[in-house]
Every structure is written in structure tokens, then in C-alpha cells.
Amino acid sequence: MPEIRLEHITKRWGKFFGVDDISLNIPDNSFITLLGPSGCGKTTLLRMIAGLETPTEGRIVIGDKVVFDSNAGINIPANKRKVGFLFQNYALWPNMTVYENISFGLKNINEEMPLLDAEAKQTSDIIRALKSGNDIKTVIDDCRDKNGKLDENKAYIKLIDFFTISIYTAKEIFKLKIHESKDPAKTASSLISGYEAKLSELKKKHSADGRFLNEKMQVMKKDKPVITKRKLTKEEIDLRVRACSRIVKIGMFMDRYPAELSGGQQQRVAIARTLAPEPQVLFMDEPLSNLDAKLRLEMRYELQRLHVETGSTFVYVTHDQMEAMTLATKICLVNNGVLQQYDAPLKVYNQPSNLFVADFVGNPSMNFVDANGSQDADGSILLTALGNHRLRFVPNERISLKEWRSARDKEIQDKKDKEIKRLSKKGAVEKTNKDEVFKYHVQYAEEPEDSFNDDPVPTDQDFVLGIRPENITLSSDGNISSKIYGAMPTGMESTLKLKVGVFLLTSVVFGNSIYRIGETVKCNISSNSILLFDPKSGKLITSGKLEIL
């Protein structure tokens with residue numbers, strides 16, 4: 001499967017930028033989730049890669065083929081990009097069976113592909129099956145009910161799955177009545193010579209034209225497949241349909257209509273239909289959002305398995321951060337059309353690039369604590385936070401705040417200069433949906449009266465601490481005194497709201513203890529993954545540990 005490269009992709013409507021100058025490299029065989037709040041631009045980005053939406057500017061490359069280039073005037077349509085698209089709405093044809101729904105797109109394929117001898121392919125598959133006569137009998141006999149009556153349709157499906165053959169080949173094998181023989185292996189062996197003679201005759205016809213058949217029964221000439229523009233044979237269509245149905249485990253539902261299936265089964269049909277044309281890349285736009293919570297969890301496992309079995313590149317849109325964390329090899333987090341972070345799930349969780357990412361990823365959300373202080377000579381940072389608590393933040397790696405702020409200021413200025421340069425070009429428009437530093441929320445037991453006033457301009461002495469709920473632990477020898485403000489037990493863990501002065505901190509405590517509202521407890525902030533943010537730019541400065549002084 002190919003890699004996908006996006007270079008400076010922008011999509012705007014008038015002065016509104018849906019996607020703003022995004023560059024990405026999606027590696028081969030990766031599972032990428034496009035994550036972000038509603039209206040952030042993730043679906044627009046997906047549709048532009050697929051060819052369903054035209055970018056305003058930029059370049060898109062799939063494999064070694066440029067599919068869009070605003071400067072060169074290239075825009076290959078969606079049906080020529082060899083991509084599959086799975087929508088939020090399954091859009092199954094209600095008047096077609098499952099088989100007809102999956103095969104529908106295959107019947108319309110008419111493109112250059114290797115020439116196949118369908119008769120030789122079927123003959124070769126029959127020979128392969130006949131070499132296992134005992135297996136044929138065992139597979140078919142498994143389809144008898146308690147009274148010994150044989151279910152022929154079930155037998156066909158079992159033969160298809162066991163020998164990886166088409167329905168037409170399965171019916172031919174069934175007609176041979178090997179399952180009725182007392183010695184199925186001997187009966188099957190006696191039939192092989194006839195089919196081998198037939199296959200030999202078919203091969204002779206090709207050799208007369210200077211051609212031969214390879215192991216897949218494709219027509220070859222001078223060690224290269226003969227390529228011709230053609231439609232798929234009914235044998236090829238059936239093999240693809242059966243292979244896809246096997247992957248998503250719906251082989252027994254081929255004759256049913258969508259209305260006779262559950263939501264999860266309909267979703268599997270939609271996935272199989274998307275996989276059948278063998279797309280280079282599979283795009284999915286919130287495909288599980290219509291399912292209930294239990295089924296959605298089951299389908300996540302199915303998508304993981306599907307990704308491994310197909311070896312395809314998956315690009316998946318979701319606003320559910322739990323879905324993104326559990327499925328993705330990398331998360332592409334977008335907000336207001338701007339790429340916020342593109343990293344592996346655990347890195348996004350443990351090292352969010354800015355306040356928005358830190359707030360969006362994680363359930364319960366991260367605790368944000370305003371702090372004020374300065375860096376000491378030893379590199380640690382002395383802080384005042386949570387009222388009058390004195391804290392020492394010790395970075396995991398030595399850092400100079402002066403140098404960090406200098407680099408930050410340069411980056412801010414470079415961004416302004418770049419925007420001025422862009423706006424000076426002919427036809428450039430100013431972005432109306434301006435990019436702003438994320439307004440994080442500090443939890444209070446009671447919101448202060450001035451909470452709706454304009455926020456003060458941050459100084460270089462201002463910081464924001466980011467603390468994950470699981471990093472706040474209860475302990476009898478804890479350094480911070482608090483009261484239980486709220487408790488939500490879920491069995492294996494409890495989510496607590498701890499009141500520290502006028503502030504609230506969210507904590508996740510593992511175990512099945514019972515906590516009483518108003519109970520006084522002591523807690524610790526015990527982790528070396530406490531995050532330190534810069535409120536001026538919203539960016540992560542570093543991670544480290546907190547010491548209570």
C-alpha cells in the first residue's frame with residue numbers, strides 16, 4: 001500500500017479557512033485517526049485526500065502519483081484514486097441482498113488488469129480441493145442437522161471458507177458427491193486425473209499463442225502478465241466478495257437483505273463493500289457513531305484486526321478521543337483547521353504539544369492549575385499555586401527558560417512575518433476564524449465573580465501546570481489537605497473531585513473504596529510527568545515532577 005503526502009493543504013470558503021496550511025506524511029500500512037472537535041476541519045481534510053473535495057491550495061501525493069497540485073493544475077477525480085470510503089451512514093441498497101451490495105461496485109470495474117483464464121482457475125481450484133477428499137466429506141457432514149438432513153447452502157459456505165474458492169467452484173465440488181462415498185479420499189483421487197487433463201488442454205491452447213499460465217492462472221507472455229482492459233469475471237467477483245465477507249465474518253448472511261440485519265452486521269457489510277474493489281487506502285468518516293456503546297467497542301476490535309489482516313492504510317475520522325487512542329498508530333489532532341499535533345497516541349497523551357491537546361485528550365480531562373514563579377539557579381522552578389501552596393517544579397531534562405522564551409518569541413514573530421508575506425500576494429485573503437491561544441479552564445468550587453471579565457495579559461512569571469487525574473493520589477501522609485467534593489465510583493476505580501482551598505482537582509483512584517462527600521483526605525501529586533505550559537503561547541515548556549515545600 002502507498003504512503004500519502006500532504007503538502008501545505010489549504011481549503012477556504014471566502015475568508016473562512018476550513019483547513020489551514022496542513023502538511024502530513026501518512027506512512028504505508030498505518031492507521032491514522034483525524035481527531036478534533038466538531039467543525040475543526042478533519043472531515044474536510046479526509047474528503048480532500050479522497051478527491052471528494054477540492055483544496056484551494058497545496059499538493060497531495062498517493063504513492064508515486066500526484067493526485068492534486070494547485071500550481072500544476074492536477075486534480076485526479078475520486079474514482080481514479082483507488083481509494084475506499086466508508087461513511088457514517090452505511091448507505092446500503094435496501095432492495096439488494098448482502099451479496100449484491102458487496103458485488104455492486106465490482107460489476108462496474110472496467111480497467112487495465114492481468115488477463116485471467118477463469119475456466120483454468122476453477123479447474124485448478126477443484127484439483128486442489130480433490131487432493132483433500134476426507135476434508136471435503138468432513139466439511140459437508142458438519143452441515144447436517146440432528147436428524148441427518150444436509151443444509152446445502154451451509155455446505156457451500158463451509159467449502160468456500162475451507163478451500164478459499166468461489167460459490168461456483170463449491171457447487172461443482174458438491175455435485176461430485178464425494179461426501180456420499182465410503183472412501184472419500186479414494187473417490188476424490190480418482191477424479192483428479194480428468195481435471196488435470198482438462199487443465200493441460202487449456203494450457204496447450206495458450207502455448208500455441210506463445211503464452212502460458214502462472215500459478216494464479218493469469219495469462220503470461222515473456223514472463224510478464226498480459227495486461228488488458230476488461231471487466232472482472234463472475235469467478236473473480238465471487239472470490240473477492242467471499243474473501244471480504246470472510247474477513248468481516250458475514251459469510252452466512254449473503255442472501256439476506258439489510259433490513260434483516262442488526263446495526264453491527266450492516267456495518268460489516270458496508271466495510272466488506274468498501275474492501276471489495278481492493279482500494280489502495282481506506283477512508284472512514286466516523287463509521288461507528290450510529291452504533292450503541294457495546295457494539296462500538298466490539299467493532300473497534302474488528303477494525304484493529306481488519307487493519308492487520310488487510311495490510312491496508314487506514315485514515316479514520318472521529319471526534320471520540322478514546323476511539324482515536326485505541327485504534328491509531330498515529331493521531332492527527334486538528335483544531336480550527338490547524339494541525340495541533342501529529343504523534344503516536346501515548347505521546348499525544350503524555351507529551352501534548354499545547355494546552356488544547358492536553359485538554360482534548362484524556363478522560364477525565366487534565367487538571368489545569370495557574371502558577372506564578374521563577375527559575376532557580378539549579379534549574380528548578382519555584383512556584384506559588386493552589387492559593388498559598390509553595391511548590392518546586394523539577395524538570396526531567398535541564399532547560400533554560402530564558403532561552404526557551406527567546407525561541408518562543410522568535411517563532412511568534414516568524415509566524416507574523418509569514419502571514420504578512422502571504423497577505424501581500426495577489427488574491428490572498430485574511431483569515432476570519434483567527435487562531436487564538438486555547439482558553440484553559442481552572443476548576444473552582446464556586447466560580448469567582450470576575451471569571452467572565454477579560455483575562456489578564458500573562459507575564460514571564462506566569463505558568464500553567466497540567467496534572468493528569470491519575471497522578472493525584474490519596475495518602476495518609478499526603479502533603480496537600482483536601483475535602484471530597486464529589487465521588488463517582490465505577491467499580492474498579494473512582495473519580496473524585498477534591499476541594500483544595502477554593503480550587504477543585506479531579507483525581508482517579510483505583511480500587512473499590514467508598515468515599516463520603518465532605519470527608520477530609522490528604523493527597524499527593526506523585527509523578528514525573530507533570531506538565532508545565534506557557535500561558536502566553538499555550539505551548540508545552542517541559543515535563544517534570546512537583547515537590548510540595
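# Reading side-chain pairs and backbone features in a predicted model

Q: How many aromatic pairs does the structure hold?

A: The structure holds 11 aromatic pairs, where rings of Phe, Tyr and Trp (its six-membered ring) pair if their centres lie within 6.5 Å, and where planes under 30 degrees apart count as stacked, over 60 as edge-to-face and the rest as tilted. This is a predicted model, in which local features need pLDDT of at least 70 and side-chain atom pairs count only at pLDDT 80 or more, while totals for chains, interfaces and linings use all residues. Residues are numbered from 1 along each chain as its sequence is written, and side-chain values use heavy atoms, with hydrogens and water left out.

Q: Which geometry do Tyr-156 and Phe-174 adopt, and which parts does the pair tie together?

A: The pair of Tyr-156 and Phe-174 is edge-to-face, with 5.5 Å centre to centre and 80° between the planes. Helices (H or I, at least four residues) and strands (E, at least two) are DSSP runs, numbered from the N terminus. Because Tyr-156 lies in helix H5 (residues 152-163) and Phe-174 in helix H6 (residues 167-175), the pair ties together parts that are 18 residues apart in sequence. Burial is read from relative accessible area (buried under 20%, exposed over 50%, partly exposed in between, with a 1.4 Å probe and protein chains only). Tyr-156 counts as buried at 11% relative accessibility, and Phe-174 is buried with a relative accessible area of 10%.

Q: Are the rings of Phe-356 and Phe-360 stacked or edge-to-face?

A: The ring centres of Phe-356 and Phe-360 are 5.6 Å apart and their planes stand at 25°, so this pair is stacked. Phe-356 and Phe-360 are four residues apart in helix H13 (residues 355-360), and are therefore separated by about one helical turn. Both Phe-356 and Phe-360 are buried. Elsewhere, Phe-31, Phe-314 and Tyr-316 form one aromatic cluster.

Q: Which charged ends sit over the rings of Tyr-342 and Tyr-349?

A: The rule is that NZ of Lys or CZ of Arg lies within 6 Å of the ring centre and within 35 degrees of the ring normal. The charged end of Lys-330 sits over the ring of Tyr-342, 4.1 Å from its centre, and that of Arg-468 sits over the ring of Tyr-349 at 4.0 Å from its centre.

Q: How many salt bridges does the count come to?

A: Side chains of opposite charge can pair when their charged atoms come close. Taking a salt bridge as a side-chain nitrogen of Lys or Arg within 4 Å of a carboxyl oxygen of Asp or Glu, the count comes to 37 salt bridges. In one of them, Lys-198 pairs with Glu-119, the closest N and O atoms being 3.6 Å apart. Since Lys-198 lies in helix H7 (residues 184-207) and Glu-119 in helix H3 (residues 118-130), this pair ties together parts that are 79 residues apart in sequence. Lys-198 is partly exposed, with a relative accessible area of 35%, and Glu-119 is partly exposed at 40%.

Q: Are Glu-236 and Arg-230 buried or exposed?

A: Glu-236 and Arg-230 are both buried, and their side chains meet in a salt bridge (2.8 Å, N to O).

Q: Where do Arg-408 and Asp-460 lie?

A: Arg-408 and Asp-460 meet through their side chains in a salt bridge (3.4 Å, N to O). This pair links distant parts of the chain, with Arg-408 in helix H14 (residues 401-423) and Asp-460 in the loop between H14 and strand S20 (462-467), 52 residues apart. Arg-408 is buried, with a relative accessible area of 4%, whereas Asp-460 counts as partly exposed at 35% relative accessibility. Arg-405, Arg-408, Asp-409, Asp-460, Asp-534 and Lys-536 are linked in a network of salt bridges.

Q: Which residues of H5 are buried, and which helices do they pack against?

A: In H5, Ala-155, Tyr-156, Ile-157, Leu-159, Ile-160 and Phe-163 are buried. With contact taken as heavy atoms within 4.5 Å, the buried residues of H5 pack against H3, helix H4 (133-141), H6 and helix H8 (234-247). Just after H5, Thr-164 takes a positive phi of about 55°.

Q: Which residues are joined by a cis peptide bond?

A: Asn-363 and Pro-364 are joined by a cis peptide bond, with omega about 0°, and Pro-364 lies in the loop between H13 and strand S17 (367-375).
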